[in-house]
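Q: I am new to this structure and would like a close look at a single part of it, the place where the two chains meet. Please take me through that part slowly, and then through the strands and helices around it.

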Amino acid sequence: VQADGTDGNCVTFVLHDEDHTLGNSLRYMVMKNPDVEFCGYCITHPSESKINFRIQTRGMGLPAVEPFRKGLNDLMGVCQHVLNTFEVRLLPEELRGLF
Amino acid sequence: RVDIIREEEGALEFDMVGIDAAIANAFRRILLAEVPTMAVEKVFVYNNTSIVQDEILAHRLGLIPIRADPRLFEYRNQGDEEGTEIDTLQFQLKIKCSRNPQAAKESSDPNELYFNHKVYSKHMTWVPLGNQTDLFPDGDFRPVHDDILIALLRPGQEIDVLMHCVKGIGKDHAKFSPVATASYRLLPDITLLQPIEDEAAEMLQKCFSPGVIEIQNIKGKKVARVANARLDTFSREVFRHEGLKNLVRLARVRNHYIFSVESTGILPPDVLVSEAIKILMGKCQRFLNELDSVPME
């Protein structure tokens, strides 16, 4: 669920039912993107569980939704990798060679 | 980005190397607050003549961990009061305390004088709803621990309650949290700036937790060496000694996290960690779907 700022370059997303758990990790993934000039999140009020997530991109013609989407995909990729490595480690010694 | 594991009974200690603080913290928060479990939510009190008040009894019953795999159940819908068989587990606690006629005249031991004067969690019995007997033929739903004391009774008092367990998350109420605790710390990094010998080496060894510093005999002199930095509790005792203060540097390895997860027994800790990672993926997926479905203006 979103809201728009000025032109397509900087957008403020309002994410409902979220807190620092997703906010901080998503901010970290988006900051790794070199096209992003500004990225931050804040909790509007501690009583309501929603966050304002703001992304501003450098240069022209790059809509701010792109880094957001890429950040989400990257975060999913990280989780998937962690899950795979974790589950491989849980297997007994013999089966580990298969992966 | 590698993972190493060390396991114990009911608790799991594992290392994650190569991730960042934001993600490690996200996992910790999810383990504490967003992995769902089943716990008693509604208590229908038919008869409670004990001295434990109804609401206190209900509160205590809610905190008892129930051994039921939450992945087999659904969340209850918002306005649904009754509860269907797919989202509710029903338990019954019916117990009455009576006097023991065979007890000796002068004994003052309550164990001898009364029957059923202590209400334990093993007295809770599962009452299948609807088609739950078919769904879970060898269903053995009971509290994780049998010896949790719920209330104390005296002759003539009885408790007759029916409990509904639902699926919930820790964010809603702490009784739904599946871990006793989940924490992480960074791996300590102890470097000796100069070689330390003899009495200074002995003193250095005492400053740290046992096993951290090892003394080796090289060419007849005792030399200190960092054996296992992982065991250190980082008490900074070494900085209290003038002679040793400048010879040691205490730091932390930036991206090596040592996680410690203790489960309450509902799910084994490795399953909990896998579930937590899947929940984080689920959150990302939810927003990706929203992004695609809502048209941008």
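A: What follows describes the contact between the chains and then some of the elements in each chain. This is a predicted model, in which local features need pLDDT of at least 70 and side-chain atom pairs count only at pLDDT 80 or more, while totals for chains, interfaces and linings use all residues. Residues are numbered from 1 along each chain as its sequence is written, chains are lettered from A and ligands numbered from 1 in the order in which they are written, and side-chain values use heavy atoms, with hydrogens and water left out.

The contact (heavy atoms within 4.5 Å) draws 36 residues from chain B and 35 residues from chain A. The size of an interface is often given as the accessible area lost when the parts come together. Here the area buried between chain B and chain A, that is, the accessible area for a 1.4 Å probe that the two parts lose on being put together, summed over both, is about 3400 Å², and carbon and sulfur atoms give 68% of that area.

Across this interface there are 2 salt bridges, a salt bridge being a side-chain nitrogen of Lys or Arg within 4 Å of a carboxyl oxygen of Asp or Glu. Asp19(A) and Arg29(B) meet through their side chains in a salt bridge, at 3.0 Å from N to O. On the side of chain B that touches chain A, at least two residues each come from strand E1 (2-7), strand E2 (11-17), helix H1 (21-33) and helix H6 (269-293) of chain B; helices (H or I, at least four residues) and strands (E, at least two) are DSSP runs, numbered from the N terminus. H6(B) gives the most to that side, with 16 residues. By class, the side of chain B that touches chain A has 20 nonpolar residues (Ala, Val, Leu, Ile, Met, Phe, Trp, Tyr, Cys and Pro), 2 polar and 14 charged ones, where Asp, Glu, Lys and Arg count as charged and the others, Gly among them, as polar.

Helix H6 of chain B also takes part in a link within its own chain. Lys283(B) forms a salt bridge with Glu34(B), with the closest N and O atoms 2.9 Å apart. This pair joins distant parts of the chain, since Lys283(B) is in helix H6 and Glu34(B) is in the loop between H1 and E3 of chain B, 249 residues apart. Over all chains, the structure holds 12 salt bridges.

Chain A has paired strands of its own, where pairing requires that DSSP finds at least two bridges between two strands. Strand E3 (residues 36-45) of chain A is joined to strand E4 (residues 48-57) of chain A by 8 bridges, and the two run antiparallel. E3(A) and E4(A) form a hairpin with 2 residues between them. Within this pairing, Ile43(A) stands opposite Ile51(A) in E4(A), and Cys42(A) has Asn52(A) in E4(A) as its bridge partner. Strand E2 (residues 10-16) of chain A is joined to E4(A) by 7 bridges, again running antiparallel, and there Phe13(A) has Phe53(A) as its bridge partner.
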